[in-house]
Amino acid sequence: MAAIRDFTIDNKSLRKKSRPVILQPNFIIPVVILTLLVICAIFAPLLAPYNPTVNSLKDRLLPPFFAHGGSTAHFLGTDGFGRDILSRVIYGARISLSVSMLVILITASIGTIVGIFSGYIGGRWDSFLMRVTDVSLAFPAILIALLMAVILGPSFWTVVIAISLLGWAPYARLIRGETLRLRQADFVTQARIIGTSPLRIMGVHIFPNVVNPLIVLATMQVGLVILTEAALSYLGAGIPPPTASWGQMVSDGRNVIDTAWWISFFPGIAIGLVVLSGNFLGDWIRDKLDPRLRQL
Amino acid sequence: MSELLLKVEDLQTAFFTRQGVIKAVDGVSFHVRDGETVGIVGESGCGKTVTGLSILRLLPEPAGRIIGGKIIFQGVNLVELSKNHMRAYRGKMISMILQDPMTSLNPVFPIGDQIAESVRLHQGLPDDMIQPEVISALRLLKIPAPEMRLNDYPFQLSGGMRQRVVGAIAMSCHPRLLIADEPTTALDATIQAQYIALFKDIQQKTNVGIIFITHDFGVVAKMCHRVCVMYAGKIVETAPTSVIFKAPRHPYTVALINSVPRLDRKDERLYSIEGQPPSMANLPPGCRFCPRCSAAQDICRKQQPPEVKISDDHSVSCWRIS
């Protein structure tokens, strides 16, 4: 009797395991949100009902449609200059997406090169590069970014450079660790046996084997970068107005948060959703790529 | 007699660690001729692998270094070569097979690409000539249907097949010397026998010299022309295979041969050597085997035994002989 019951339980758990990717909430929810972000960013001019930067003083501080006094003309209300919040949130996706993509491209490249080099060459280079990495990890990124904004003046590229300046360190750390493990691997010794040059070993034998953790970390970092950009814009060191950026919109609304809460609220929700999506997707990819889980 | 291929003279390799200097290879000398298989036999940790890696100068730097001796390959002292010069020898003139076929292939590339890497590196062939070379390397290792295998990933192959692929990489540029570091240890017995037969066949076809590192005297008997028995970083006895089985002189050699299981004798128990090899950081002053030797005398504990030539190709380092 017991045996039969066990069998049915096994069968059930097996079926659960093979649930299609599309139905796994950890995968599908973040993917839908991030896809929406990309669509908003690309088709912003088509999707946004209003121009995000044009003032309209007669429409100042209108509440969202569901609140008292709101109308469907401005779904999410308007800000102190009468600009449509929904349009600005949609356009804000452009900034968030382009900043995060650029920063991740730059930091992941630098971090991977530093990490592989440091881990494979070892010795003094390794000590030196890892101390630089330690300093980068210890230094408050916002502080550096503020400093950069003061020196270079706030602009899109200042934000990108400021966040990248220290952002490569986590990649360098991770990739170095992986490289240390891989350089001991027999297939790397085998490559040296046939006379492969160190540069080629790093590029051809080690790099493809560190791509998995790299993808996971990069996905995880999407949220962090968007958050840092928002924080910089909030502090006034980010994307200069009137360009719509979520962090700056949160900042715009902070003086009237008790009366016109929607000015800060909706961009804040957008930041939260995208950051969480990045983290959940990163987790999901990590679980999928982990060879120990895959072999089960 | 065939040409002298490799002559190792008084090779000394040390590891500089926090615990002090550890001489893993301490004055090893031997030679290999074209088309000859020389076995290096001994327990784990006696310096066999380090000897092999020293010849290719692939010691884990900066801790491991060759601190003395010569490695003369076709008249060139490899110890004195520059790094780039040495790299040109690896794979092309001297190649090596590692012990574990499960880890010595890169998991993310098809095997065809991994063999092609070596071919591309050393043979300077145009792109369309590389694939035929790869296929002929696979064919040399008797891998069935090589054309179908090129795009297989390592995880799709069995252990024995992978070790053949590793062999194909090693042989792809027709090296003169092959260092095989326990290539059969990770394989099961039937595959082991096939692999040995395969290498004998390859040796006949290519006249490659082989250094066969193993701890298994059974494998030595099938594969090697001559044997060097290593103990704690030194070669204690060198002789042709037939001689070493008929008339082993060093007590360690005798003990090793006695510990091979045999079907033709009905002993109750399999012989095993008492004790452990000495710690390389803390060697006894005299003969390194004497703490485990049943025939040890006073002099064995005090002084290292000299190497004595019993005949032209048989030499032993033991006080009992001299």
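In what order do the four strands of the open sheet in chain B stand? The order is S2-S1-S4-S5, and the pairing is antiparallel. Two strands count as paired when DSSP finds at least two bridges between them. Strands (E, at least two residues) and helices (H or I, at least four) are DSSP runs, numbered from the N terminus.

This is a predicted model: local features need pLDDT of at least 70, side-chain atom pairs count only at pLDDT 80 or more, and totals for chains, interfaces and linings use all residues. Residues are numbered from 1 along each chain as its sequence is written, while chains are lettered from A and ligands numbered from 1 in the order in which they are written.

**The sheet in chain B**

Strand S2 (20-33) and strand S5 (76-77) of chain B are the edge strands. Each has a single partner strand, so one side of each lacks a neighbour in the sheet. Strand S1 (residues 4-17) of chain B runs antiparallel to S2(B), and eleven bridges join them. B:Thr13 has B:Val25 in S2(B) as its bridge partner.

Helix H1 (residues 48-55) of chain B lies across S1, S2 and strand S4 (64-73) of chain B. H1(B) runs at about 70° to S2(B). That angle is between N-to-C directions, on a scale from 0 to 180 degrees, with axes fitted to C-alpha atoms, for helices over the stretch in contact.

**Chain A**

Chain A has 13 helices and zero strands. Its C-alpha atoms fill a box of roughly 75 × 70 × 30 Å, taken along the principal axes. Of its 296 residues, 42% are buried (20 or more other C-beta atoms within 10 Å of the residue's own, C-beta atoms being placed from the backbone).

**Where the chains meet**

Contact here means C-beta atoms, placed from the backbone, within 7 Å. Chain B gives 23 residues and chain A gives 15 residues. These elements of chain B each give two or more residues to the side that touches chain A:

| Element of chain B | Residues |
|---|---|
| Helix H2 | 83-89 |
| Strand S6 | 94-97 |
| Helix H3 | 111-123 |
| Helix H6 | 159-171 |

H3(B) gives the most, with four residues.

**The nonpolar core**

A nonpolar core joins buried Ala, Val, Leu, Ile, Met, Phe, Trp, Tyr and Cys residues through C-beta atoms within 7 Å. The largest one has 151 residues. Helix H4 (residues 85-121) of chain A supplies the largest share, 15 residues. B:Val229 is one of the residues with the most contacts inside this core. B:Val229 touches, among others, B:Val41, B:His250 and B:Leu256.

Definitions and conventions:
Two residues are in contact if their C-beta atoms, placed from the backbone, lie within 7 Å. A residue is buried if 20 or more other C-beta atoms lie within 10 Å of its own, exposed if 12 or fewer, and partly exposed in between; C-beta atoms are placed from the backbone. Lists of a residue's contacts leave out its neighbours within four places in sequence.
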